[in-house]
Amino acid sequence: MAFEPPQRLVRALGETERNGAADWLVKLPELVQQVVDLRELTVERVQAPGGRSSLVVLVRQADGTPAVLKLAPPWARPESERAALAHWGGFGAVQLLDGNGGEGVLLLERLHPEMSVRSLPEAKALLEAAGTLRRLWVEPPAGQVFESVAERTGRQAEAMRASAVADAEVAPLVDAALAAREELLASAPPARLLHGTFRQSKVLAGERMPWLAVGPDPVVGECAFDLARLVRDRVEDLIASPSGASITRRRVKRLAESLELDQERLRGWTLFRAVESGVRARRVGRPQDAELLLEFAGWL
């Protein structure tokens, strides 16, 4: 299958700092062709702009049923995504159509990729997104294979410390974020299976249910960690608003209350995740994104 991978995916892979990213991208057309032939799929088009960690292809199965073929490299943890989708069973999340897709291959229910909750007015979008996220917070499966919040943030904390040593400008925010993490992990509430990378653009319109989550990077831990990424959605609008700081604080309060979570724990994880994302953006050469995220973190 001859095609050009979406530029968003190409750019993101260039920022991964992982060995093998370039090779995986080169082999991608051949991988897609192998899967399409094996499953007797008809390709409609590659979804663009698509994701930052996987290729999404709109296809039809042999019986004409529309579906989505997703291919992801090993470091994107596709097997973990497969396990989470299987455990959710289509409740609140996209349905896994084939549980034996092969390494890095997922065949998924077709949703409406052009329509996410981000297309709704902000207040309505936050409400619908939060309601979708609540459905995903379930007990992890027995013998679960998922990374914990402590493990994932531990790796991130190491990279943050290294960045703070090399870049004194970010050191105060990094220190505050790391201190918040230590305090939160020391008193964590019961763990649930989490989406892991939840935001408005990860909630798409569906047929079975009005809104369904896609693209999890599942992790096991406290729910406030999962909600933290949603707090900073549309961060560019928040930064542009003269009352952005007060809007952010109200958003933390409103989301925590709507999902019955501790407001201070949500604020702490929002701080950690914003600083981690900002420092990483700065490290890989996205200064504008870094500036927005670190300014936002300073409000917390």
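Predicted model: local features only at pLDDT ≥ 70, side-chain atom pairs only at ≥ 80, totals over all residues.

**The second largest pocket and beyond**

Modeller: In general, rolling a probe the size of a water molecule over the atoms shows where empty space is left. Here, 14 residues line the pocket. Leu31, Leu71, Glu103, Gly104 and Val105 are the ones that lie nearest its centre. Sorted by class, the lining comes out as nine nonpolar, three polar and two charged residues. Helix 2, residues 21–39, gives the largest share of that lining, with six residues.

Follow the chain on from helix 2 and there's a backbone detail to check. Glu40 sits in the loop between helix 2 and strand 1 (42–46). Its phi is near 55°, a positive value in a residue other than glycine. As background, most residues other than glycine have a negative phi. Is Glu40 buried or exposed? Glu40 has a relative accessible area of 57%, so it counts as exposed, the cut-off for that being over 50%.

Arg77 is another case to look at. Arg77 also isn't a glycine, and its phi is positive at about 55°. You'll find Arg77 in the loop between strand 3 (66–71) and helix 3 (78–88). With a relative accessible area of 25%, Arg77 is partly exposed.

Now for a helix pair. Two packed helices are described by the angle between their axes and the distance between the axes. For helix 7 (residues 223–231) and helix 10 (residues 263–283), the packing angle is about 65° and the axes are 8 Å apart. The two helices cross in a right-handed way. On the helix 7 side, the contact is made by Ala224, Phe225, Asp226, Leu227, Ala228, Arg229 and Val231. Facing them from helix 10 are Arg265, Leu266, Trp269, Thr270 and Arg273. By class, the residues of this contact split into seven nonpolar, one polar and four charged.

Gln288 is part of helix 11 (residues 287–298). As for the surface, Gln288 counts as exposed because its relative accessibility is 60%.

Note on methods
Residues numbered from 1 in each chain as written. Heavy atoms only, no water. 1 Å grid on protein atoms, 1.4 Å probe; cavity = no way out; pocket = protein on both sides within 12 Å on 5 of 7 lines; lining within 4 Å. Helix = DSSP H or I, 4+ residues; strand = E, 2+ residues; numbered from the N terminus. Nonpolar A, V, L, I, M, F, W, Y, C, P; charged D, E, K, R; others polar. Buried < 20%, exposed > 50% of the residue type's maximum accessible area, 1.4 Å probe, protein only. Axes fitted to C-alpha atoms, helices over the stretch in contact; angles between N-to-C directions. Left-handed = near helix turned anticlockwise from the far one by under 90°. Contact = heavy atoms within 4.5 Å.
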